[in-house]
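Morning, everyone. Please look at the screen.

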Protein chains: 2
Amino acid sequence: MQNFVYGNRTKIIFGKATEKTVGAEIAAYAKEGEGPLRILLHHSGGHAVKSGLLDTVKESLKGAAVEWVELSGVKPNPRLSLVYHGVEICKKEKLGFVLAVGGGSVIDSAKAIAMGALYDGDVWDFYDHKKVPAQALPVATVLTIPAAGSESSISSVITDERGPWKQGVNDECIRPVFSILNPELTYSLPPYQTACGVADMLAHIMERYFTREPHVELTDELCEGAMRAIIRNARKIFNGNSQDYDARAEIMWAGSLAHNNLLSTGRIGDWASHGIEHELSALYDIAHGAGLSIIFPAWIAYNIKEDTPRLARFAAKVWGVDGAYYDYEQAALEGVFRLKNFFRSIGLPVSFADAKLPADRIPEMAKRTVRFGPVGMYKKLDAKDVEAIYRIAAKEL
Amino acid sequence: MQNFVYGNRTKIIFGKATEKTVGAEIAAYAKEGEGPLRILLHHSGGHAVKSGLLDTVKESLKGAAVEWVELSGVKPNPRLSLVYHGVEICKKEKLGFVLAVGGGSVIDSAKAIAMGALYDGDVWDFYDHKKVPAQALPVATVLTIPAAGSESSISSVITDERGPWKQGVNDECIRPVFSILNPELTYSLPPYQTACGVADMLAHIMERYFTREPHVELTDELCEGAMRAIIRNARKIFNGNSQDYDARAEIMWAGSLAHNNLLSTGRIGDWASHGIEHELSALYDIAHGAGLSIIFPAWIAYNIKEDTPRLARFAAKVWGVDGAYYDYEQAALEGVFRLKNFFRSIGLPVSFADAKLPADRIPEMAKRTVRFGPVGMYKKLDAKDVEAIYRIAAKEL
């Protein structure tokens, strides 16, 4: 087990009707003698408006004497141009807090704005690994899509549409101070978005689970248990009732835990699949979760001879593959098949062909994936390896 | 699943040699323009001194220009009289921080002192449920005994030796700001203390696991996984090498997670066994963990007809009992036997007789257990129920 530092300051406010407390929670951040707190209210302009959630939030803000400037228009794979706009507003209006109402894209955009608001240079510097952020405005969230875990993570991923380049920042300064999670808000999510969220949270756990670090039994157990709970409850939502509160609640809480870093304590995660997927969604603008359901099975299949017992254990513990019958490699491959079958069963693509993506820019994507050097820790992957993974993923299966 | 608020501010600094960072971590709490930070350095005077740990800590404090006043003498089942003494010192010397170097008893004592230092009345008011603490000095810990989880919990349990009465406080203000966990520091723990710690952390999880709240699958999975990891790694320490770093690390981290409240999110725990045990250790001054290894199996046996499927699931998932062969009740009872066998295998008592305790004050203990009303949420227990549990525990088995 590796040495580690673990802490997660995000206060999670979970359950029915909790979005009504957002105003009171934010008001606690007002500074004495500075008048009412003025915040940026950031959202996509879509679902949160139509569903009435935004009205509820505004009412709660009003009730707590919190003033806001609204910035909507966040798209999936959130864009740098909107971030620039938000930074400008925060600086001009001297806003002191950023509230994201939405899913991972809105939250990631809010985090970027929060860093940019307190920085004199170009906020892209942080994403381009040129600078480390010194500070950010406090960020809070009302989560509508359980997926990215961004609501309690230190991560933000932004796309510079001029590239297109998709890059990430990980810094403690952008971890939300609080996040409100009401599973009821996810009842009306389109099934495809629910499925993408499930793939994203499973991927967050798999990135941590596939480690070469020995003696991480406790976190192995926690990862496996969380994956089983996600799979079972996704099945309930897709094969049963999409308004099953308890299944929605399990999925929503699992999405946060998947990415709050508890599950990586003492381990070294992989994260190659995320890097490989980012090129796919940057280029073709498909949902991140759908990109992951294409890439991750291919990543496992490509690595089948790398610490095969761990891959077989994944198959046995998470997918119920009988390890006593198969040999390790057969068991591991059976795990890949079941992972794919699960993704397909909730309507996700598992190949380029499934998603109707062309396979003609693979070498270019592979090259960009490794532009900062080899990716992954389970096995360090160079351009050739990444290309091979894209080619496995490209095949009709 | 119940609505919940979850957050845990404690920064965990985990791994080899991490105790050397304690000075630098504390120095960050010095206030500008107020000169060097002055702290209370609290410990038992025993193991931490002999092992050289206290010297390492002092060197680190010196290196970071942190000044200290020392207060040693904490005993298991920490006493109110020493807490009073610590409060007096903090007030007189105007100390601004409390560092606990030791196990749960030292940490609980430090928490009590931290509350008392900023309170004009009698700190026992908080333990006697007469007052709610408004604030406390910041507390940090260097943990030497993985057990109580006090290093990242909001709990403190103190014994007023005039009674003897053992009472607890749960408040966010006493959650440690940071805790240093180096598994190497636990190599030299006597086996009995290691075993008591294992019982304590298992009990912390079982108190949360035995709930009537339906639809808590994710946290069920996390609880079961953590219990399995504790059991397997305890076996490694007791049947293998007591200086197995990785096994010690799994146990140490599990002890924290067991009691940091993540595992109770969305659920309503039971906590009757803790209440029943407290009377035992208050009266006979046995270790809390040894009291729990006596009481918990009796608690399960007494409740065998209360939601038997959950007790059977505990037997199946945690102890490998084949649920397909036994009926639920048989499976659940087999789980109790295996739990007892495990406790015995690591040298713990599972009955009054094992611990050479007399059974003649059972009615008195039962009465005191329920002095604030029935205990437990799995089944509300009155004096008659508690007495029956003590009587099951009293039997030679």
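Start with strand pairing: four bridges join S5(A) to strand S8 of chain A, residues 178-181, and the two run parallel. Leu143(A) stands opposite Leu181(A) in S8(A). Strands pair when DSSP finds at least two bridges between them. Strands (E, at least two residues) and helices (H or I, at least four) are DSSP runs, numbered from the N terminus.

A word on the source: this is a predicted model, local features need pLDDT of at least 70, side-chain atom pairs count only at pLDDT 80 or more, and totals for chains, interfaces and linings use all residues. Residues are numbered from 1 along each chain as its sequence is written, with chains lettered from A and ligands numbered from 1 in the order in which they are written.

S5(A) has another partner. Five bridges join S4(A), residues 98-102, to S5(A), again parallel. There, Val98(A) has Val139(A) as its bridge partner.

Is S5(A), residues 139-143, mostly covered or mostly open? Covered: five of its five residues are buried, meaning 20 or more other C-beta atoms, placed from the backbone, within 10 Å of their own. Val139(A), Thr141(A) and Leu143(A) cover one side, Ala140(A) and Val142(A) the other. In a regular strand, side chains alternate between the two faces of the sheet.

Now chain B. The axes of H7(B), residues 191-209, and H8(B), residues 217-239, come within 10 Å and cross at roughly 170°. Axes are lines fitted to C-alpha atoms over the stretch in contact, with angles from 0 to 180 degrees between N-to-C directions. So H7(B) is roughly antiparallel to H8(B), the word for angles over 145 degrees.

Conventions: Buried ≥ 20, exposed ≤ 12 C-beta atoms within 10 Å, placed from the backbone. Parallel < 35°, antiparallel > 145°, perpendicular 65-115°, else oblique.
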